[in-house]
Amino acid sequence: MEAAVAETQGMSPYEAARERNLQENKRKMEALNLRHLSAVIKEAPKTPSPMKPKRRRIIEDAVVVPSPPRRSRRLANVPEVKYAEIAPHRADRMTRSPRRPADLIYLARRGSISMKARLEATRKAEELESQLDPEIPSFVKAMLHSHVVRGFWLGLPSHFCDTYMPKQDATITLVDEKDEEFDTNYLAYKKGLSGGWAGFALYHAIQDGDSTVFQLIKPTTFKVHIVRAATDDSSEVDE
């Protein structure tokens with residue numbers, strides 16, 4: 001029957017069913033009076049929604065309370081030591097290696113040094129070595145700028161270190177002509193003297209161009225003889 005009605009009105013069955021649903025919904029809306037409620041809502045004045053008052057946060061300046069320093073549990077019952085109040089007594093200081101005052105130390109030679117003077121100092125050092133006991137190992141070392149002015153690193157002959165020196169780092173004592181002793185650090189892997197050598201060189205005013213004779217009187221002790229190179233106006237040899 002619906003198909004017949006749809007064909008008489010020129011609509012397909014789907015269009016006829018859709019038209020019926022529209023009419024049915026229209027009647028329901030009129031029965032609920034939805035159009036009137038929609039118009040009332042549109043015409044109603046808009047009122048702002050109430051807002052909660054904002055609370056102002058008052059941030060007070062924080063008071064930092066110093067906390068006691070953390071200490072180990074093992075030292076909790078041990079009275080704290082204030083190192084600032086402790087001054088070492090002069091009598092307790094090490095006096096093994098005396099040092100010259102700073103105003104007596106000079107690094108620059110007062111006169112020029114020629115190659116001839118360098119070679120002459122080395123010759124005298126070799127002559128001095130030849131007069132020493134041949135049973136005691138020794139070698140001659142000519143002083144360079146890096147040995148006594150900048151760096152204060154003194155490399156020792158490689159063959160001498162391989163034969164006589166310790167195979168690991170050790171403390172080597174240098175003894176001068178007055179039997180004063182100076183401790184130095186020997187670095188086995190670099191085969192030379194590092195810490196302590198600067199104090200020995202400065203104390204004895206060893207300069208670039210001088211020559212030295214190192215005599216191994218004990219396994220870790222050198223007797224050091226210094227031969228001064230002559231300047232333009234002076235010539236001095238310490239034996």
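The side chain of Arg 228 reaches the backbone oxygen of Ala 205 at 2.9 Å. A polar atom of that side chain also lies 2.7 Å from the backbone oxygen of His 204. The model examined here is a predicted one. Arg 228 is placed in the segment after strand S7, which covers residues 221-227. With a relative accessibility of 16%, Arg 228 counts as buried, because the cut-off for burial is under 20%.

A polar atom of the Asp 210 side chain lies 2.9 Å from the backbone nitrogen of Gln 207. The relative accessible area of Asp 210 is 2%, so this residue is buried.

These details belong to a chain of 239 residues, of which buried residues make up 26%. The chain has seven helices and seven strands. Their order along the sequence is α-α-α-α-β-α-β-α-β-β-β-α-β-β. Among contacts between residues at least 6 apart in sequence, 57% join residues at least 24 apart.

Helix H4 can be followed in more detail. Helix H4 spans residues 115-130, 16 residues in number. From its first C-alpha to its last, H4 reaches 23 Å, close to the 22 Å expected at 1.5 Å a residue. Ala 117, Ala 121, Ala 125 and Leu 128 are buried in H4. Viewed down the helix axis, the buried residues of H4 fall within an arc of 80 degrees, so they line one face of the helix. This buried side packs against strand S1 (138-142), S6 and S7. The face turned away from the buried side carries exposed residues, namely Met 115, Lys 116, Leu 119 and Ser 130.

Thr 122 is also found in helix H4. Its relative accessible area is 22%, so Thr 122 counts as partly exposed. Once neighbours within four places in sequence are left aside, Thr 122 is in contact with Val 140, Ala 142 and Ser 211. The C-alpha atoms of Thr 122 and Gly 209 are separated by 8.7 Å, although the two residues are 87 residues apart along the chain.

Ala 230 is placed in the segment after S7. At 24% relative accessibility, Ala 230 counts as partly exposed.

The aromatic residues come next. A pair of aromatic rings is described by the distance of the centres and the angle of the planes. When rings are paired if their centres lie within 6.5 Å, the count comes to ten aromatic pairs. One of these is formed by Trp 197 and Phe 200, with 5.7 Å centre to centre and 25 degrees between the planes. This pair is stacked, because planes under 30 degrees apart are counted that way. Both residues lie in helix H7 (residues 197-203), three residues apart, which is about one turn of the helix. Trp 197 has 0% relative accessibility and so counts as buried. Phe 200 is buried as well, with a relative accessible area of 0%.

Trp 197 also forms an aromatic pair with Phe 214, at 6.3 Å centre to centre and 45 degrees between the planes. The Trp 197 and Phe 214 pair is tilted. Trp 197 lies in helix H7 and Phe 214 in strand S6 (residues 211-218), so the pair ties together parts that are 17 residues apart in sequence. Trp 197 and Phe 214 are both buried.

The residues of these two pairs belong to one aromatic cluster, formed by Phe 139, Phe 160, Tyr 164, Phe 182, Trp 197, Phe 200, Tyr 203, Phe 214 and Phe 222. An aromatic ring also takes part in a contact with a charged group. The charged end of Lys 190 sits over the ring of Trp 153, at 4.7 Å from the ring centre.

How values were computed. Residues are numbered from 1 along each chain as its sequence is written. This is a predicted model: local features need pLDDT of at least 70, side-chain atom pairs count only at pLDDT 80 or more; totals for chains, interfaces and linings use all residues. Side-chain values use heavy atoms; hydrogens and water are left out. Rings of Phe, Tyr and Trp (its six-membered ring) pair if their centres lie within 6.5 Å; planes under 30 degrees apart count as stacked, over 60 as edge-to-face and the rest as tilted. Helices (H or I, at least four residues) and strands (E, at least two) are DSSP runs, numbered from the N terminus. Buried means under 20% relative accessible area, exposed over 50%, partly exposed in between (1.4 Å probe, protein chains only). A charge sits over a ring if NZ of Lys or CZ of Arg is within 6 Å of the ring centre and within 35 degrees of the ring normal. A polar contact is a pair of N or O atoms within 3.5 Å; within protein, one must be able to donate a hydrogen and the other to accept it, and residues adjacent in sequence count only if both atoms are side-chain atoms. The expected span of a helix is 1.5 Å times one less than its number of residues. The arc is that of the directions from the helix axis to the C-beta atoms. Contact means heavy atoms within 4.5 Å.
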